[in-house]
Amino acid sequence: MLFNLAHRTSVLRSKFVSRQISASLNGFGDHVFKGAIAAPFLQKQGLPPNALDTYTWTTDGSAEKVAAAILEWAKSNNATLYTHWFQPLGSAGVRHGQTGQVHNSMFEFDKSGLPVWRFDAKNLLQGETDGSSFPNGGMRQTHCAGAYITLDPTSPIFLRGDTVFIPSCLSSYDGHALDQKIPLLRAADALSREGTRLLKNLGFNVNSLVMNIGLEQELFLVPRDAYNRRPDLQMAGRTITGKMSPRGQEMSDHYMAPPSLASPALACMQEIQRQCFNLGIPLRTRHREVAPNQYEFAPLYGTVTTQIDQNMMVMQIIEEVASSFGLAALLQEKPFQGVNGSGKHNNWSIATDCGTNLLNVKQLAKNSGSSEIFPVIMAAILKGVYQHGDLMRLSIATPGNDFRLGACEAPPAIVSTHLGEEMTRYLQGYADGEEAVYQANTKTISMGASVLMPLTVPAEDRNRTSLFPYGGHRFEFRAVGSSQNVSLVNTVLATITANSFRQFSDAIEAGESPKQVAQKALKDSWNVIFNGNGYDTANQETLLKRGVWCINSNIDAIRRYTAPENVALFERMGVLEQKECEARQAVLYTHYIGTVEVEANCLLNMLQQHVIPAVREGDVGPLSELRDCVDLLKTELEKLNSLEDPLDKRADVARVLRLQTMVKIREVVDAAEAVVPAHLW
């Protein structure tokens, strides 16, 4: 079932579509405490204008002055509250905004009962809250309710409404991570530590490394009145029943088509961009996607923690703004059967503190003075992908990806990487001992018309069927789900790459040449490189014979969190302890089971309260089969709920319920919808 956005009232059209857009760029980042916005407030406190550019201000005695500057900035913007803004576990697809926050006043009352401003370093840098109701995977006992918050200086403080938002991290009393961000920051440290060590061994001295990412956010916008008639969309974020529409995406007529002025979608997207603009979120691109009512936003790239924080806020703004335009935003990976679902491509690269992109061949060679570094970096990354593809698959094991991976809209669950023919030939020659320098040569194409200038195209074509293709200057993790917090994705990429860097340095420092180390890694990992059509079943069989990672079941992927070799990897790199791995695995299992329970109970209610009464009243359709479906669903739910731990066994049962039992029931319901009069349905 798909919804037509043109079915809106003339009131919505006249109210929203005609909004004028100013050509001015004024206002970008006005609500972010950084750069030119923060400078005058910092200088007023005797700090340099760039005081926040390094993270030492939290410990070098500057924090009181920074807090005073933030208070003055808040007052100038009529803000009276602040919140430590963090990212609890188990939030994707269920928690609005996917963040936790408590709004506290920036004032106290004096002895006479009058309010006085009060916001100091203690308020800014850390806080304490009740963590008893956040998912923790058994990390703490019920009666141990304390959770502790600390400011994250890698992501800027910002303002929304009357509240100052302070990006933060959440931990237990014992220092165990209870959020998405702490392991990411640990992994970023490991990547920087091992990366600078390797570069030093290669003759390129830098102070630190940072991950840069760009996140392409896909979504659906549907009429809110239609959404309000669908209990499954409201409760589960996807249609659990619904026959195919006579028209879907078969004609390829939606992709990059003009946003229609007959609906409020364009005005909605403009308002989303405006609000993000003020928050310093550069949503550079907007367009229609493949499926009806599907759209995409894409920002400019940035540092990993800032981009993730901004994406959390983008998803929240999308949902909130959509409602004010008579729309509902669907961020779930597969809201409708039979048309494409939504993803969030994670474009990933590594840069030095001086701005050198390690995946940019020419830039790296120019700034380092060596053309020998790039193939070593590539070899290390490919080694990590080949060895730890199970962790990459784990990082995208969201409930929504059950229905999306490999469905001609996302890569299959086979972990391979497309490099392109020229890069592949270059690395093959390098591995075989040939002396060559990679040249990312562009080519010129004639359009065959005299008025059209020749077209210059990149050295390599795109490959949308590869899970982790190289795109020139970056890798693109294409299988990430649209509702995900991508912290785990980038924690895994940083960890496995840092480990490869560590292994390379160990070998080099033991006497091997960098080239020998990289050549061996390339030969050992060569099977993970595949430039062909990943959707083709014959090619998939070929890849499986090569021994690359392929885990079709999300539950089997989650099992890999506590595989002994993976726990050892996370511990060795200082990212997660065994207890934290076990806890996060438990949260993923619980999140999956809970998602299926919500969907199954919703389906049961729809059968009993909507479908069967409609079939009975219309006196058509498979009434007896539908009643059998009710009995079957009740039995399977009881089976799921009666199971004791271990959690993975319950998750296995939930997966069968979702992907087998509920799919079969949907077929019966959709057959009924095809014959029951529309006014009864």
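I began with glutamine 217, which is buried at a relative accessible area of 1%. My scale is this: buried is under 20% relative accessible area, exposed is over 50%, and partly exposed is in between, with a 1.4 Å probe and protein chains only. The model is predicted, so I noted the limits: local features need pLDDT of at least 70, side-chain atom pairs count only at pLDDT 80 or more, and totals for chains, interfaces and linings use all residues. Residues are numbered from 1 along each chain as its sequence is written, and side-chain values use heavy atoms, with hydrogens and water left out.

**Entry: glutamine 217**

I placed glutamine 217 in strand S9. Helices (H or I, at least four residues) and strands (E, at least two) are DSSP runs, numbered from the N terminus. I then looked up its polar contacts. A polar contact is a pair of N or O atoms within 3.5 Å; within protein, one must be able to donate a hydrogen and the other to accept it, and residues adjacent in sequence count only if both atoms are side-chain atoms. The side chain of glutamine 217 makes one of 3.0 Å with the side chain of lysine 344. A polar atom of the glutamine 217 side chain also lies 3.0 Å from the backbone oxygen of serine 482. I listed its contacts (heavy atoms within 4.5 Å). Neighbours within four places in sequence aside, glutamine 217 touches residues including Tyr295, Phe297, Asn311, Met315, Leu331 and Gly343.

**Entry: aromatic pairs**

I searched the whole structure and got 18 aromatic pairs. Rings of Phe, Tyr and Trp (its six-membered ring) pair if their centres lie within 6.5 Å; planes under 30 degrees apart count as stacked, over 60 as edge-to-face and the rest as tilted. I picked phenylalanine 220 with phenylalanine 336, which is edge-to-face at 5.4 Å centre to centre and 70° between the planes. This pair links distant parts of the chain, 116 residues apart. Phenylalanine 220 sits in strand S9 (residues 209-223), and phenylalanine 336 sits in the loop between strand S13 (327-330) and strand S14 (344-352). Phenylalanine 220 is buried at 0%, and phenylalanine 336 is buried at 2%.

Next I took tyrosine 561 and phenylalanine 570. Their ring centres are 6.2 Å apart and their planes are at 45°, so the pair is tilted. Tyrosine 561 is buried at 3%. Phenylalanine 570 is buried at 0%. I also noted a cluster linked by ring pairs: Trp348, Phe468, Tyr470, Phe475 and Phe477.

**Entry: nonpolar cores**

A nonpolar core is a set of buried Ala, Val, Leu, Ile, Met, Phe, Trp, Tyr and Cys residues joined through side-chain atoms within 4.5 Å. The largest core has 121 residues, and Met392, Phe468, Phe477, Leu607 and Leu633 touch the most other members. Helix H19 (residues 578-618) gives the largest share of this core, 15 residues. I found a second, separate core of 29 residues that includes Val32, Leu221, Leu279 and Met312.

I went back to phenylalanine 468 for its partners. Not counting residues up to four places away in sequence, phenylalanine 468 touches residues including Trp348, Met392, His418, Glu476, Phe477 and Leu493.

**Entry: salt bridges**

I counted 28 salt bridges in the whole structure. A salt bridge is a side-chain nitrogen of Lys or Arg within 4 Å of a carboxyl oxygen of Asp or Glu. Arginine 186 bridges to glutamate 580, with the closest N and O atoms 3.1 Å apart. The pair spans 394 residues, from helix H5 (residues 181-201) to helix H19. Arginine 186 is partly exposed at 21%, whereas glutamate 580 is buried at 1%.

I then checked aspartate 506 with arginine 197, where the closest N and O atoms are 2.5 Å apart. Aspartate 506 lies in helix H14 (residues 487-509) and arginine 197 in helix H5, 309 residues apart. Aspartate 506 is partly exposed at 35%. Arginine 197 is partly exposed at 23%. Both belong to a network of salt bridges that links Arg193, Glu194, Arg197, Arg502, Asp506 and Glu509.

Glutamate 476 is buried at 11%, and arginine 478 is buried at 9%.
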